[in-house]
Amino acid sequence: MEEEMEVLEQEVQEELGVSLQELRKWIEEEVERSEAVRRRREQLAELQSLVEEKEAEVASVDQMFDTASQSVQECEALVRKMYVTMGLTYKDSSSEDEGAGPQGPSEVIEIDDDDDDDDDVVAVECSMISLIYRPDD
């Protein structure tokens with residue numbers, strides 16, 4: 001294999017008047033000067049910058065979720081403590097455990113706040129009162 005390369009290099013040297021190494025260097029220089037290569041490198045640099053920006057955003061969102069999760073856990077601990085203080089039993093459940101909709105009859109009460117937006121609604125159920133807030137769209 002090495003012998004074949006030497007023969008090839010000698011043939012290139014004789015035919016073109018340059019060594020194979022000089023030919024490679026010249027080709028690399030011409031490629032570097034190419035407008036298409038320059039544009040692709042700029043696009044690649046911009047894409048790399050966007051990827052790094054998105055990775056930073058993901059890290060930030062992950063941190064916010066971690067903080068929110070910790071806050072919910074702390075809030076739940078406070079609610080448990082309050083239940084114990086009031087002599088009640090705290091039932092640990094999630095909305096997934098309770099089913100998709102209300103379990104019993106409910107009544108919806110709208111709050112008139114002198115504006116035309118119907119964004120404040122209170123749903124009163126047999127065993128629970130919840131406030132549903134719909135922000136302005």
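User: In this predicted model, what share of the contacts with a separation of 6 or more comes from residues 24 or more positions apart?
Analyst: The model is predicted. Take the contacts in the protein with a separation of 6 or more. Residues 24 or more positions apart account for a share of 2%.

User: What percentage of the protein's residues is buried?
Analyst: The protein has 137 residues. Buried means under 20% relative accessible area. The buried share is 5%.

User: In what order do the elements run from the N terminus?
Analyst: The protein has four helices and three strands. Read from the N terminus on, the order is α-α-α-α-β-β-β.

User: How many Å does α1 reach from its first C-alpha to its last?
Analyst: Helix α1 covers residues 2-16. That is 15 residues, with an expected span of 21 Å at 1.5 Å a residue. The modelled reach is close to that, at 21 Å.

User: Which residue with a positive phi follows α1?
Analyst: Helix α1 ends at residue 16. The residue that follows has a phi near 80°. That residue is G17.

User: Are α1 and α2 roughly parallel or roughly perpendicular to each other?
Analyst: Helix α2 spans residues 20-33. Its axis lies 9 Å from that of α1, and the two helices pack at about 70°. Angles from 65 to 115 degrees count as roughly perpendicular. The pair is therefore roughly perpendicular.

User: Which residues of α2 meet α1?
Analyst: From α1, the contact uses M5, E9, V12 and L16. Across both helices, the contact residues divide into five nonpolar, no polar and two charged. On the α2 side they are L20, L23 and R24.

User: Is S19 buried or exposed?
Analyst: S19 sits in the loop between α1 and α2. Its relative accessibility is 14%. The cut-off for buried is under 20%, so S19 counts as buried.

User: Which residues does S19 touch, not counting residues up to four places away in sequence?
Analyst: S19 lies in the loop between α1 and α2. One residue it touches, E9, also belongs to the α1 side of the helix contact. Another is located in helix α1 too. Together, the residues touched are E9 and Q13.

User: How far apart are the C-alpha atoms of Q13 and L23?
Analyst: Q13 is in helix α1. Its relative accessible area is 38%, so Q13 is partly exposed. Beyond its neighbours within four places in sequence, Q13 is in contact with V18 and S19. From Q13 to L23, ten residues along the chain, the C-alpha separation is 9.3 Å.

User: Is D92 buried or exposed?
Analyst: D92 lies in the loop between α3 (35-85) and α4 (95-98). Its relative accessibility is 52%. The cut-off is over 50%, so D92 counts as exposed.

User: What is the C-alpha to C-alpha distance between D92 and E76?
Analyst: Leaving aside neighbours within four places in sequence, D92 is in contact with E76 and R80. D92 and E76 are 16 residues apart in sequence. Their C-alpha distance is 9.5 Å.

User: What geometry does the aromatic pair of Y83 and Y90 have?
Analyst: The structure holds one aromatic pair. The ring centres of Y83 and Y90 are 5.3 Å apart, with 90° between the planes. Planes over 60 degrees apart count as edge-to-face. The geometry is therefore edge-to-face.

Notes. Residues are numbered from 1 along each chain as its sequence is written. This is a predicted model: local features need pLDDT of at least 70, side-chain atom pairs count only at pLDDT 80 or more; totals for chains, interfaces and linings use all residues. Side-chain values use heavy atoms; hydrogens and water are left out. Rings of Phe, Tyr and Trp (its six-membered ring) pair if their centres lie within 6.5 Å; planes under 30 degrees apart count as stacked, over 60 as edge-to-face and the rest as tilted. Axes are lines fitted to C-alpha atoms, for helices over the stretch in contact, and angles run from 0 to 180 degrees between N-to-C directions. Angles under 35 degrees count as roughly parallel, over 145 as roughly antiparallel, 65 to 115 as roughly perpendicular and the rest as oblique. Contact means heavy atoms within 4.5 Å. Ala, Val, Leu, Ile, Met, Phe, Trp, Tyr, Cys and Pro count as nonpolar, Asp, Glu, Lys and Arg as charged, and the others, Gly among them, as polar. Buried means under 20% relative accessible area, exposed over 50%, partly exposed in between (1.4 Å probe, protein chains only). The expected span of a helix is 1.5 Å times one less than its number of residues.
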